[in-house]
Each structure stands twice: as structure tokens, then as C-alpha cells.
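Reader: Got a new one to go through. Can you put it up and walk me through the salt bridges and the packing?

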Amino acid sequence: MSRLRVSAISFLNTAPLMWDFEHGETAARLKQDFEVAYTVPSRCAEDLKAGRADIGIIPVAAYTSIPGLVIIPDIAIAAKKAVRSILLVSKVPVEKIRSVATDDSSRTSAALVEVFLRKFIGIDPGFQRQRADLREMLHWHDAGLLIGDVALQAQTSGYYVYDLAEQWQRWTGRPFVFAFWAVREAALSGSDPGLNVSRIFQESRDHGLQHIPQLAKTWARRLDLPAELISEYLTQNIDYRLGSENLGGLRLFYRYADEYGVLPPAPDLQFLEQPRLATRS
């Protein structure tokens, strides 16, 4: 049987999801069935679309353009309030923004900022992709979109800062879902039929959330940020489940993104169902 190729994100917010793939005897066992590579969110989607990966933690925007995907149930990178790692940083108040530089490491965040500005603020600025350097972004544009670890590390004093998950919740009353695990359904035909993919990824998430202090200590050194800040981010700002409330926010985002031509219409959400695989974890 061939190993399933996993494309994962090299950001702090996915660290709990990958616990079992990186620690102890579980990691050694999972290497028999999975081959993991790390990249940025947009590249995860590209790898999945091109068939270079079988499973990917993809920006939710990518689900609208990659056929044949199913979603691993109950796992997400979402936020029910401020997320702190998806920021629109501006030299001017939001209603005066005329140009935005976007870090397009994640297509979802780029789509969200368009929906936010066009639907909720009522402006239609220009957008341009640019390297995620805030000083350089703001040299040429009124505002810059920062995501992930770069946003957590950014020095934003003196600027107008809009947390996009917080703004989404303010305007819609819904959580925002940024990413989820997606599987190329065709790829499962070549893997071990006794492999319970959903359970493996759900348990890895659960075990990661049980080891937040250890993750916070490791990532504090890596990002040069206080461990307390990282622990709070992973436990208070990020929601790792894909329950009904988060699904409602996701479907609303797809509707607005389609309404404004930001994304193509999203297909129905299809979830990985593996009742015959329940005998193995």
C-alpha cells in the first residue's frame, strides 16, 4: 500500500494539529502510512490540486476550485472572536483605504479582506500581491494584509489595525473558518483500507491541545514571542473544531464571496465518511 502524502502548513496555528505526526512512538508509526511535507497555505492547495499531495490543510477558499475533495470532519482552523494572526494594518481609517497590499500566502484571507471592505465598509480599493513586509507594503499602499506568524510578530503601533476575524464576527455574528483538512477522495483507493484517516487526524488535534504548554515553549523560542502569548493564542484565539456554528459562518462566507465575485460558487460541503474503517486507529 502507498503512503498518503500530507501537505501541512508551517505556521504556529497548525502546530496542535500535527502533534501525533511529530512526537513519540505515534509519529514513528504514522510514518508507515503518511508522508508529511510543510509549506504555506496556498501551496497546500496547489499541491492538492496538482495531485502532488493526497491530504492538505487548505484555505477554505481553495475548496471552491479543486474538484474531488472531501473534508475531514470536525477539524478546522477557525476563530469565534479576534484571531490576532489575520490583520489589515492601515495608515488611514478603514473607510479611507484606496489600495491594499496582500500577503497571498492564503487565498482565504485575501478573499476575506475583499468581502470586508466591499460589503461591510462599502469601498472598492485596489489590491496587489506583495511580499509580507509591512514597511514595504505601507510604503506603496494605504494598507497591508498580514497573516500567520508574520502578523503575530508585526510591529503595528501607530497604525490602524483591523483583526479580520473580529470584524467578521462584528458584522455577521458568526465565527470565521480559515482552513480545514481536505482529502483527494481518489487517493484513498491506493491506501490501506483499514486506515481510519478521520480518527487519526482528530486524535492528533486532541493530543496537541493537551500539550499546549510544551508547544508554547517551543514556538516562543522559534518566533521570539512570550510563551504566554502563544499559549493564549492557541487556546483563546484559535478554534480547532468544525461544528455547526463554524459551518454556518463558513457557508455565509462562501455566499458573500460568490455575491461579490471574489470566489467561484462553492460546491456542497462533502465530508469523509469511513464507517467501514472503525476497527483501526
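Reader: Start with Asp239. Buried or exposed?

Author: Asp239 is buried, at 17% relative accessible area. Bear in mind that this is a predicted model.

Reader: Which residue does Asp239 form a salt bridge with?

Author: Lys80, with the closest N and O atoms 3.5 Å apart. The pair links distant parts of the chain, 159 residues apart. Asp239 sits in the loop between α10 and α11, Lys80 in the loop between β5 and β6. Lys80 is partly exposed, at 37%.

Reader: How many salt bridges does the structure hold?

Author: It holds 16. Asp74, Arg205, Asp206 and Arg241 are linked in a network of them.

Reader: What about Arg43, which partner there?

Author: Asp47, at 3.0 Å between the closest N and O atoms. Both lie in helix α3, 4 residues apart, about one turn of the helix. Arg43 is partly exposed at 38%, while Asp47 is buried at 11%.

Reader: And Arg118, which residue does it pair with?

Author: Glu114, with the closest N and O atoms 3.6 Å apart. They are 4 residues apart in helix α4, so about one helical turn separates them. Arg118 is partly exposed at 23%, and Glu114 is partly exposed at 22%.

Reader: Switching to packing. Which residues of α10 are buried?

Author: Ile230, Tyr233, Leu234 and Asn237. They cover an arc of only 120 degrees around the axis, so they are on the same side of α10.

Reader: What covers them?

Author: The cover includes β5, α6 and α9.

Definitions and conventions
Residues are numbered from 1 along each chain as its sequence is written. This is a predicted model: local features need pLDDT of at least 70, side-chain atom pairs count only at pLDDT 80 or more; totals for chains, interfaces and linings use all residues. Side-chain values use heavy atoms; hydrogens and water are left out. Buried means under 20% relative accessible area, exposed over 50%, partly exposed in between (1.4 Å probe, protein chains only). Helices (H or I, at least four residues) and strands (E, at least two) are DSSP runs, numbered from the N terminus. The arc is that of the directions from the helix axis to the C-beta atoms. Contact means heavy atoms within 4.5 Å. A salt bridge is a side-chain nitrogen of Lys or Arg within 4 Å of a carboxyl oxygen of Asp or Glu.
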